[in-house]
Amino acid sequence: RAVTSLEPMIREVVCRFLDPLVGEPRFDVVADFSAQFPVEIIARMLGVPEDRRQQVREWVDVSLHREPGRAQPTPEGEQAALESGMYFYELAVEKRREPADDMLSRLTQVVVDRGDGVETGLDDAEIAGFATLLGGAGAETVTKLVGNAAVLFSRHPDQWRKVLDDPGLIPSAVEEILRYLPPSQYQGRFSVENRTFEGGTIPAGHPVLLITGAATRDPRAFERADDFDVERPANVAIGLGHGVHACLGAALARMESRIAIEEIARRWQRLEVDEPGLRRVHMSNVAGYANVPVAAVAR
């Protein structure tokens with residue numbers, strides 16, 4: 001319900017970044033659009049001043065980048081993470097001193113039960129860590145989902161035609177993009193008990209990678225699992241987590257993606273992707289494109 005009330009603001013932000021592209025014969029769906037609007041939304045919600053919102057995205061991009069073959073962040077990534085954490089810490093201190101109508105201000109005022117029955121507030125370091133997490137998650141996932149959508153619809157023009165003919169299909173199209181080409185491909189967990197699968201037994205307390213990007217293509221769960229079909233009947237949606245581990249921002253991500261596709265469909269008959277120009281990101285936990293250059297055909 002809280003996210004639903006944000007729709008006018010989200011649509012205003014989406015249109016603000018799309019409108020300058022109308023009339024351009026070519027543009028980059030990610031660099032010129034989907035990399036910019038999601039961070040504007042989450043940073044506004046957090047209480048980040050307008051002139052620093054795109055800086056949050058730049059910090060996130062650099063800190064998540066990995067060189068091929070290396071699991072560790074680059075020196076530039078470590079520096080970006082440090083600068084981001086310091087910025088949000090200083091912002092939390094400022095919001096505690098002069099609260100406003102935003103998420104960081106509210107976090108300075110909440111009390112939590114830490115499991116010992118004693119309620120305490122969050123300190124500024126905890127708030128900074130939470131803001132860093134939300135800023136990164138809010139910036140990256142939708143960026144990649146909308147970029148993936150442009151690629152999928154260009155490769156499957158029949159599915160794009162269905163969306164143009166019936167915009168009511170867009171929510172199910174978002175679910176199908178999440179299933180077919182999810183920005184989040186895996187989640188890390190610890191097993192809480194011994195569990196035996198066909199490949200052996202995972203002992204209790206063992207680190208586990210859940211490869212959800214493979215699970216969403218499992219032919220035992222999905223008919224024609226490798227077909228992209230925006231009219232696919234609803235099924236268990238795990239692209240944004242499931243159960244108690246569902247993504248905190250799932251409703252926001254779905255709404256942003258839906259509105260972005262709606263507004264693209266209002267402006268262009270089709271976006272033809274320049275396949276040789278596609279550039280994938282090299283990130284630790286996000287799958288998608290850094291560049292999706294397109295030729296635009298207006299409606």
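At 45% relative accessibility, Glu231 counts as partly exposed, a label given to residues between buried (under 20% relative accessible area) and exposed (over 50%), using a 1.4 Å probe and protein chains only. The model is a predicted one, so local features need pLDDT of at least 70 and side-chain atom pairs count only at pLDDT 80 or more, while totals for chains, interfaces and linings use all residues. Residues are numbered from 1 along each chain as its sequence is written, and side-chain values use heavy atoms, leaving out hydrogens and water.

Back to Glu231: its side chain meets that of Lys162 in a salt bridge, at 2.9 Å from N to O. The term covers a side-chain nitrogen of Lys or Arg within 4 Å of a carboxyl oxygen of Asp or Glu. Glu231 sits in the loop between helix 10 (212-215) and helix 11 (250-267), and Lys162 in helix 8 (residues 157-165), so this pair ties together parts that are 69 residues apart in sequence. Helices here are DSSP runs of H or I with at least four residues, strands are runs of E with at least two, and both are numbered from the N terminus. Lys162 is partly exposed too, with a relative accessible area of 28%.

In total, the count comes to 30 salt bridges. Another one joins Arg16 and Glu40, whose closest N and O atoms are 3.7 Å apart. Since Arg16 belongs to helix 1 (residues 7-18) and Glu40 to helix 3 (residues 37-46), the pair links parts 24 residues apart in sequence. The two ends sit in quite separate classes: Arg16 is partly exposed at 33%, whereas Glu40 is buried at 4%. Arg267 and Glu263 also pair up, with 2.6 Å between their closest N and O atoms. Both lie in helix 11, 4 residues apart, or about one turn, and both are buried. They belong to a network of salt bridges that also links Glu7, Arg11, Asp19, Arg258, Glu262 and Arg266.

Next comes the nonpolar core, meaning buried Ala, Val, Leu, Ile, Met, Phe, Trp, Tyr and Cys residues joined through side-chain atoms within 4.5 Å. The largest one has 81 residues, and those touching the most other members include Ile10, Phe37 and Phe88. Helix 7 (residues 124-155) gives the largest share of this core, 13 residues. Leaving aside residues up to four places away in sequence, Phe37 touches Val13, Val14, Phe17, Val142, Val146, Glu256 and Ala260, where contact means heavy atoms within 4.5 Å.

Of its 47 lining residues, the closest to the centre are Leu133, Leu134, Ala137, Gly138 and Cys247. Helix 7 supplies the largest share of that lining, 10 residues. A pocket is an open set of points on a 1 Å grid over the protein atoms alone, with protein on both sides within 12 Å along at least five of seven lines, and lining residues have an atom within 4 Å of a point.

Key. 1 Å grid on protein atoms, 1.4 Å probe; cavity = no way out; pocket = protein on both sides within 12 Å on 5 of 7 lines; lining within 4 Å.
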